[in-house]
Amino acid sequence: VCVCVCVCVWVCLCLPVKRSAPHFKISSMAAGYPDSSPKQSEQEYAILKLPDGREHKISVLKPSMGDDVFLDIRDLYSKTGVFTYDPGFTCTASCASAITFIDGPKGVCLYRGYPVQQLCENGEALEIAYLLLVGELPTSDQRKKFEVEVKSHMLVHEKIKGMYQNFTISAHPMAIMVAVVGGLSSIFHELDPFNYEHQWLACTRLIAQVPVMACMAHKTSIGQPIMYPKANLSFAENFLYMMFATPMQEYKVNKVAAKAINAFMILHMDHEQNASTSTVRIAGSSQANPYACIAAGVASLWGPAHGGANEAVIQMLESIGSVDKIEQFVADVKAKKEGVRLMGFGHRVYKNYDPRARYMKKLVGEVLKELGVSDPLLAVATELERVALGDEYFIKRKLYPNVDYYSGIMLRAIGIPTSMFTVMFAMSRTVGWVCHWKEMLSEHQLRIGRPRQIYTGTLQRTYDDALTERLSSCQEAGSSDEEKTSGMGARGSSFSRRQAKKEMYERTSSFVRSVPEPSGPTR
């Protein structure tokens, strides 16, 4: 019987005790460090009442935008001796950040204050990367300098390129990405994480090289020669060139496809504290090499519940097959039939239509029309969305399409293989990862991540008790054997513990290995 002692905590928000609420404000960016740390001042607070009658005041913090309210429990253990329990961090903020704002109930997503849809329609990938890194959109001169700087880092070290020769042709591109991105830390290992210039260098290198390495992973998986980027192409155009060009003939980048890739990159650059971004922050909190931190993020993103969701959507749509089978599929989902799940719907944060999904749906229609591609899965996806959004079962659960629902169809139309979908996500999200890593270091939020746990295992016990129990079991099992009975039972208390261990081992061994004596001389 496992005994778990739980401390019951009642938290009462004392709204009458109300003073001016603190806000997280972004100050001027001195030396490129945007300040998003909470500003302490007179504030409202909550009262924590413990079972023993003690009371603890908890500061109430509010963000610079939105209706969320946060209880500052950083001093909870030191002053009360109790912990909080929140699996999956469903209602816990692990940091303060000025990069991305999300209002799930209202379906809002902002990059540094700008609606992500506007940035997709009007911005270019490296321009938005600069915005996320610095906090402001670049001037014309700053943009040109940033593009030159990033492109100067796009050539991958030959030692890293040599790693691709060791992967089998059937290796999943994400497996390759985890290895090669981590491998960068063996090349660029002399970095001071607290040096601003080193931080910036690591960020620009990763933004530049991860897309190149992604294309190398694709070329490796299909056995084609690796293509190098060109200085005269945009960031999105270079990606398409490295993905589809060959040395045999000149490759002309399709402008429609480049626009779609540009929008895809921007849409996936950041999304607040998701699983992979939190992984990067946790890894970075130990002052690990930034390239190793990003490799950790790639590994976290690989899962089908995170970055692999768009690949899972395509598999779901293919399994449905046609519009006439949607009704049965929806019925199976509602009946929770084993192996049947509605992929691409629902989100931990959004309880409304994901604004990125709304833009992606529009973009998919434009891309397929302009490329002249007819994909039957689009008709299936559109009809499934219509049926689900009109069904009370899904409405009650606030399940709406997320960004992964339509993105896979667009990537298929461009010619991106399904195995590369998550890699596309990783190369785009790298921008957000490095921004959060840099923000954590530059704003002195570097406190190593160390969550606690509720232990639910067995109570403390001793090895001697376990040995006695096993020895007793051996004796009982051999009681019918006269030889065993006379050999073990007749020895009494004088029988040595060492001999007991030896015989217990001999009796409970599952295998007996016979090693022949060497016939010749040994060294």
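Colleague: Why does α9 count as largely enclosed by the rest of the structure?

Modeller: Because 11 of its 13 residues are buried, α9 is largely enclosed by the rest of the structure. Buried means under 20% relative accessible area, exposed over 50%, and partly exposed in between (1.4 Å probe, protein chains only). Among the buried residues of α9 are Val256, Ile261, Phe264 and Leu267. This is a predicted model, in which local features need pLDDT of at least 70, side-chain atom pairs count only at pLDDT 80 or more, and totals for chains, interfaces and linings use all residues. Residues are numbered from 1 along each chain as its sequence is written, and side-chain values use heavy atoms, without hydrogens and water.

Colleague: Which residue caps the N-terminal end of α9?

Modeller: Asn254 does, with a side-chain oxygen 2.8 Å from the backbone nitrogen of Val256. Helix α9 itself covers residues 255-267; helices are DSSP runs (H or I, at least four residues), numbered from the N terminus.

Colleague: How many residues are in the largest nonpolar core?

Modeller: A nonpolar core is a set of buried Ala, Val, Leu, Ile, Met, Phe, Trp, Tyr and Cys residues joined through side-chain atoms within 4.5 Å. The largest here has 123 residues, and Met316 and Leu384 are among those with the most contacts inside it. Another core, of 6 residues, lies apart from it and includes Ala46 and Leu76.

Colleague: Is Thr422 buried or exposed?

Modeller: Thr422 is buried, at 1% relative accessible area, and belongs to helix α18 (residues 421-442). Contact means heavy atoms within 4.5 Å. Beyond its neighbours within four places in sequence, Thr422 is in contact with residues including Met174, Trp302 and Glu311.

Colleague: How many salt bridges are there?

Modeller: Side chains of opposite charge can pair when their charged atoms come close. A salt bridge needs a side-chain nitrogen of Lys or Arg within 4 Å of a carboxyl oxygen of Asp or Glu, and the count by this rule is 17. One of them joins Lys145 and Asp141, 3.4 Å from N to O. Both residues sit in helix α4 (residues 140-152), 4 residues apart, about one turn of the helix. Lys145 is exposed at 56%, while Asp141 is partly exposed at 45%.

Colleague: What does the salt bridge between Lys361 and Glu385 tie together?

Modeller: The closest N and O atoms of Lys361 and Glu385 are 3.2 Å apart. Lys361 is in helix α14 (residues 355-371) and Glu385 in helix α15 (residues 376-389), so the pair ties together parts 24 residues apart in sequence. Lys361 is partly exposed at 36%, whereas Glu385 is buried at 4%. Elsewhere, salt bridges with shared partners join Glu127, Arg143 and Glu147 into one network.

Terms used: Helices (H or I, at least four residues) and strands (E, at least two) are DSSP runs, numbered from the N terminus. The expected span of a helix is 1.5 Å times one less than its number of residues. A polar contact is a pair of N or O atoms within 3.5 Å; within protein, one must be able to donate a hydrogen and the other to accept it, and residues adjacent in sequence count only if both atoms are side-chain atoms.
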